[in-house]
Amino acid sequence: MKRPHDEILMAYADGALTPEKAGEVERFLQADNEARKIVEAFRRTRELARAAFDAPMREAPPRRLVDTIMTSPAPAGARGSAPPRRMPRWPMARMVMAASVAVIAGLGLGLFLLGRDEESPIALGKLSTDDALSAALTRLASGTPDMAEARVITVLTTFRDAAHRPCREFEMSDTSPTAPRIMAVACRDGSAWRIEGAAWLRAGGANNGGDFAPAGSEGADPLAGLLKRLGAEATLAPEEEAALIAGDWQEKTGE
Amino acid sequence: MAEDIRQEMVALLPRLRRFAYSLSGSMDEADDLVQAACERALARLRQYEPGTQLASWMFRLIQTIWIDRMRYEGRRRKVSGDGVMETIAFDARIHEQAEARGLLEIVRREVSRLSEDQRSVLALVVVEGMSYQQAADTLGVKIGTIMSRLARARLKLAAAIDAREAGNPYRKETRNEATSR
């Protein structure tokens, strides 16, 4: 058998061949070192190119884009063409904007800072299971923003803490461009989610979007301290996360 | 209906940004492209056939806008310095090794050197995870064309990576080169 074309070797590396055809290629590869290298090159380029452009999947989209989508006028004649009404801003938003540093609220301290104010967009502690945020945490896969009431919620990662509880780090923002962005961590507590800590990120700035990551500083992640205290382990694989979502976050209790 | 589509579009944003990033090589430019594509999509909502893939339609809009801009400005694209900085911060969390960081930078630069045709296919299939057929449908070309462009693009990429690794595997100079195009 002649060496298959590069396109066939690529399709093999991509798992795009029928089982019969793949079997043929496989038999051929056993005898041809050079062809194995080519297949490996295709695999590698797929992994690397995917990783190289993955950043947008791990962060919430800039608010200006969400805003464009929610408020750009649809053409006359399209049904439902009126832009949706904006939700009133949170009363505390201005105050947060004034602070140039993210307020980090974690555990005991945070309860004091945030927990008492009914108007604050996120309170620490257990979420009611019929809360829109709770529903979003239960249902969303990481990296897919969704609207819950007038807020955009993006789960960034799922991990387990030192107590082996499943936890999710997420970002939440109002669709109004001046509202603060909130990053928070919620962990599973019995059959509910518990907000373990939150950081408010300064809103606005000339360059909205990735405005919270001061270049070159280790402390760029405002939740790093909280994650450390929780004993966050490595991010769960997408399959594990999918299984938890499918199983409604019920843990098997038999061990 | 329009409201459902808006929500669907918001949910697609990470994928749209990733696609635009892989075409343009810069996060800022990617966000501009996505913004323009969303505006255009909403203005032409009547052209959208419900039941067809919103994602494919949006990808095509992004790609068209990108090609138009390239032609209009008649320029070769450049690798943006701040785009690179931003992804370094991100990569540090996922790929802990400095080595991987350097490698991904090389990959981004090599992707930016591909032809537009090759880059679009690479972005749809490799980065976005479309099948060859879906990419063919999205770009309106034959599946054979998709496969040959993709294979060529990836072999070029592999050769460039090999050359870098064989030469000087991991040095700071990669950053300087990236910014001085």
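## Chain B: overall make-up

Chain B contains nine helices and zero strands. Read from the N terminus, its elements follow the order α-α-α-α-α-α-α-α-α. The model described here is a predicted one.

Of the 181 residues in chain B, 56% are buried. Contacts in chain B between residues at least 6 apart in sequence were also examined, and 66% of them join residues at least 24 apart.

## The packing of α7 and α8 in chain B

Helix α7 of chain B spans residues 132-139, and helix α8 of chain B spans residues 143-166. The two helices pack at an angle of about 110°, and their axes lie 8 Å apart. Because angles of 65 to 115 degrees count as roughly perpendicular, α7(B) is described as roughly perpendicular to α8(B).

On the α7(B) side, the contact is formed by Tyr132(B), Gln133(B), Ala135(B), Ala136(B) and Leu139(B). On the α8(B) side, the partners are Ile143(B), Ile146(B), Met147(B) and Leu150(B). Sorted by class, the residues of this contact comprise eight nonpolar, one polar and no charged.

## Ala153 in helix α8 of chain B

Helix α8 of chain B also holds Ala153(B). This residue has a relative accessibility of 0% and therefore counts as buried, the cut-off being under 20%.

When residues up to four places away in sequence are not counted, Ala153(B) touches Leu114(B) and Gln118(B). A further spatial relation concerns Val111(B): the C-alpha atoms of Ala153(B) and Val111(B) are separated by 8.3 Å, although the two residues are 42 residues apart along the chain.

## Cavities

Rolling a probe the size of a water molecule over the atoms shows where empty space is left. The largest cavity holds about 50 Å³ of space.

The lining of the largest cavity consists of Ala60(A), Pro61(A), Pro62(A), Arg63(A), Val152(A), Thr154(A), Glu171(A), Met172(A), Ser173(A) and Arg181(A). Two strands of chain A, β4 (151-160) and β5 (166-174), each supply at least two residues of this lining. The most is given by β5(A), which contributes three residues. By class, the lining of the largest cavity divides into five nonpolar, two polar and three charged residues.

Definitions and conventions
Residues numbered from 1 in each chain as written. Chains lettered and ligands numbered in written order. Predicted model: local features only at pLDDT ≥ 70, side-chain atom pairs only at ≥ 80, totals over all residues. Heavy atoms only, no water. 1 Å grid on protein atoms, 1.4 Å probe; cavity = no way out; pocket = protein on both sides within 12 Å on 5 of 7 lines; lining within 4 Å. Points joined across faces, edges and corners; volume = space filled by probe spheres on them. Helix = DSSP H or I, 4+ residues; strand = E, 2+ residues; numbered from the N terminus. Nonpolar A, V, L, I, M, F, W, Y, C, P; charged D, E, K, R; others polar. Axes fitted to C-alpha atoms, helices over the stretch in contact; angles between N-to-C directions. Parallel < 35°, antiparallel > 145°, perpendicular 65-115°, else oblique. Contact = heavy atoms within 4.5 Å. Buried < 20%, exposed > 50% of the residue type's maximum accessible area, 1.4 Å probe, protein only.
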